Structure formats: structure tokens, C-alpha cells
Amino acid sequence: MPSRGEKIKEIVILILLNIILPSVDVYSDIGLILKFYVKGSRSNPDCDQRYWRTEDRLTCYDNLPTSDLTNTYHPNWGTMMLLPFLLNYLICWYVWATTDKRKTVTWVAVLLSFYPQYVAMKIIYQIWTDPKKGFHKKRYLERNLVQMEVFLEGVPSMLIMTYLLTRVVDPSTEGRELIFDNQNLGSFDSVLFLVGFTSSVITSSLGLAKNLKVGPCRILPEQKRYIGGLLSPRFVLIFFACAFTLVGKGGALAS
């Protein structure tokens with residue numbers, strides 16, 4: 001039987017890595033998708049010629065009547081972000097339909113794209129009340145739902161956002177301030193993209209690294225020290241190797 005401290009440690013890890021992190025990743029992606037489809041980038045020939053700084057141009061737009069502005073939407077960017085999200089969303093419905101026994105209630109979690117987090121919440125309760133069953137379910141969560149989400153959504157979304165980040169560098173890209181405004185880091189668009197990109201990198205790298213720890217090709221041993229091995233030197237090294245490799249491949253594909 002695990003001690004009270006071991007239970008608390010496992011619960012904290014589940015809350016951080018299987019509830020908070022995936023929720024931030026998924027809902028920031030949804031925010032980016034909606035922004036590209038719904039929020040158009042404004043333009044005006046006079047403002048565009050007079051000001052080169054994004055902040056100055058936006059101020060110029062604000063001082064003009066709506067009839068003098070042209071709104072350009074970016075469905076291509078939105079569709080690129082939507083495809084991996086939609087694929088993972090549909091697979092979650094399939095997993096729910098074939099494995100869940102309380103479908104009259106849990107369909108709400110699947111509808112809100114919260115099903116893996118809901119399963120993690122159930123596991124937290126089971127670890128506290130029935131540790132043997134809880135730890136068994138935790139292995140199922142890590143080897144199936146989490147890994148599936150990493151490969152279907154996390155990695156593709158991260159590569160797509162790396163491509164979008166390279167479009168910001170090109171001054172001829174129309175609407176690049178919708179992606180990321182490096183002259184106004186505190187803007188909503190910049191913060192949303194940074195949160196989405198950072199969470200995708202962490203989720204993808206962590207998922208790939210954990211695949212070597214709990215997946216079908218395990219090369220890292222199970223251990224209780226270093227928060228279950230997540231902070232061991234070898235795991236941290238693999239995590240950063242995955243992160244730099246993913247970002248590097250995204251940059252290479254974009255260029």
C-alpha cells in the first residue's frame with residue numbers, strides 16, 4: 001500500500017500533467033482556431049504606407065471609420081489548426097464509445113473535449129480510495145489516451161504553430177499580428193499564441209519522452225525517486241532532446 005505522501009505526490013502529478021497542461025493546450029488551440037476564422041486582420045492603404053510598426057498601424061486603424069477598413073479573414077490558418085484537433089476529437093469519441101460504461105453522463109466531457117482530463121479526475125479519486133485500481137488505470141491513461149493525444153494533436157499542432165511563427169518574420173504576411181505581435185507582447189493575440197505554442201511544445205516533448213518510460217518501447221526503468229522518474233537526469237535530457245528536435249523539424253519544414 002502506498003503511503004499518504006506517495007498518494008499526494010501522484011495526485012499532484014496527475015493534476016499538473018494530465019488535467020491542467022492538456023486543458024491549456026486544447027483550449028488555447030480552440031482559441032487560435034476561432035480567432036483565425038472569426039477575427040479578421042484590418043488593413044488600410046494609407047495607414048499601411050505611413051506606419052511600419054504594428055502598434056502604430058493598429059492605432060491608425062482605430063481612428064478610422066469602419067467603412068475605410070478592409071477585413072481579411074484567414075481560414076487557411078484556421079483549417080491547419082483545426083485538422084489535428086478534429087482528428088483527436090473524433091478518436092476521443094471512438095474511445096469513449098468503446099470503453100466508457102457511464103455514457104449517459106460522460107458524453108458531456110467528450111463533447112467539451114475534456115474526456116482525458118475527466119478520466120484523470122476519476123483516477124485521482126481511485127488512487128485515494130483504491131490505490132491498486134487507481135495505479136492500474138493510470139498506466140492505461142498514460143499508454144493509451146495521453147499517447148494518442150500527443151501523436152494525433154500535440155505534435156502536428158506544434159509543427160503548424162512553428163510554421164505560423166515563421167510567417168510572422170515575413171513583413172509581407174497579411175495579418176501576421178493575429179499570429180504573434182513581437183512589438184506588443186502583452187496583446188491578447190500574442191499571449192494566446194505564446195500559451196498555445198509553449199503548451200504544445202511541452203505536451204509533445206513530454207509525451208514523446210514518456211513513451212520511452214511507459215510506452216511499448218520502454219528504455220527507462222520505473223522508479224519512485226525524482227517524482228516517479230520525471231525529474232531524473234536521463235528523463236530531463238530526453239525531454240529537452242525531444243523539444244529541440246520538434247522545434248527544429250518545425251522550423252525546417254516551414255523554411
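1. I8 is partly exposed in this predicted model, its relative accessible area being 40%, and it sits in helix α1, which covers residues 4–38. Although I8 and W128 are separated by 120 residues in sequence, their C-alpha atoms lie 8.4 Å apart in space.

2. Q147 belongs to helix α7, residues 131–169, and, once residues up to four places away in sequence are set aside, Q147 touches E142, G207, K210 and N211.

3. In helix α5, which runs over residues 103–111, the buried residues are T106, A109 and V110. Viewed down the axis of α5, these buried residues fall within an arc of 100°, so they line one face of the helix. The partners against which the buried residues of α5 pack are α4 (75–99) and α6 (115–129). Just after α5, a colleague checking backbone geometry will find S113 with a positive phi of about 55°.

4. The packing of α6 with α7 has an angle of about 160° and an axis separation of 7 Å, and because angles over 145 degrees count as roughly antiparallel, α6 is described as roughly antiparallel to α7. The crossing of α6 past α7 is left-handed. On the α6 side the contact is formed by Y115, P116, V119, A120, I123, Q126, I127 and T129, while α7 supplies P131, K133, G134, F135, K137, K138, L141, L145 and E149. Sorted by class, the contact of α6 with α7 comprises 10 nonpolar, 3 polar and 4 charged residues.

5. Helix α7 also packs with α11 (residues 233–254), here at an angle of about 50° and with the axes 8 Å apart, and the two helices are therefore oblique to each other. The crossing of α7 and α11 is right-handed. From α7, the residues V155, M158, L159, T162, Y163 and T166 meet L246, V247, K249, G250, G251, L253 and A254 of α11. The class count for the contact of α7 with α11 is 8 nonpolar, 4 polar and 1 charged.

6. The class counts include 4 charged residues for the contact of α6 with α7 and 1 charged residue for the contact of α7 with α11.

Key. Residues are numbered from 1 along each chain as its sequence is written. This is a predicted model: local features need pLDDT of at least 70, side-chain atom pairs count only at pLDDT 80 or more; totals for chains, interfaces and linings use all residues. Side-chain values use heavy atoms; hydrogens and water are left out. Helices (H or I, at least four residues) and strands (E, at least two) are DSSP runs, numbered from the N terminus. Contact means heavy atoms within 4.5 Å. Buried means under 20% relative accessible area, exposed over 50%, partly exposed in between (1.4 Å probe, protein chains only). The arc is that of the directions from the helix axis to the C-beta atoms. Axes are lines fitted to C-alpha atoms, for helices over the stretch in contact, and angles run from 0 to 180 degrees between N-to-C directions. Angles under 35 degrees count as roughly parallel, over 145 as roughly antiparallel, 65 to 115 as roughly perpendicular and the rest as oblique. A crossing is left-handed if the near helix is turned anticlockwise from the far one by less than a right angle, and right-handed if clockwise. Ala, Val, Leu, Ile, Met, Phe, Trp, Tyr, Cys and Pro count as nonpolar, Asp, Glu, Lys and Arg as charged, and the others, Gly among them, as polar.
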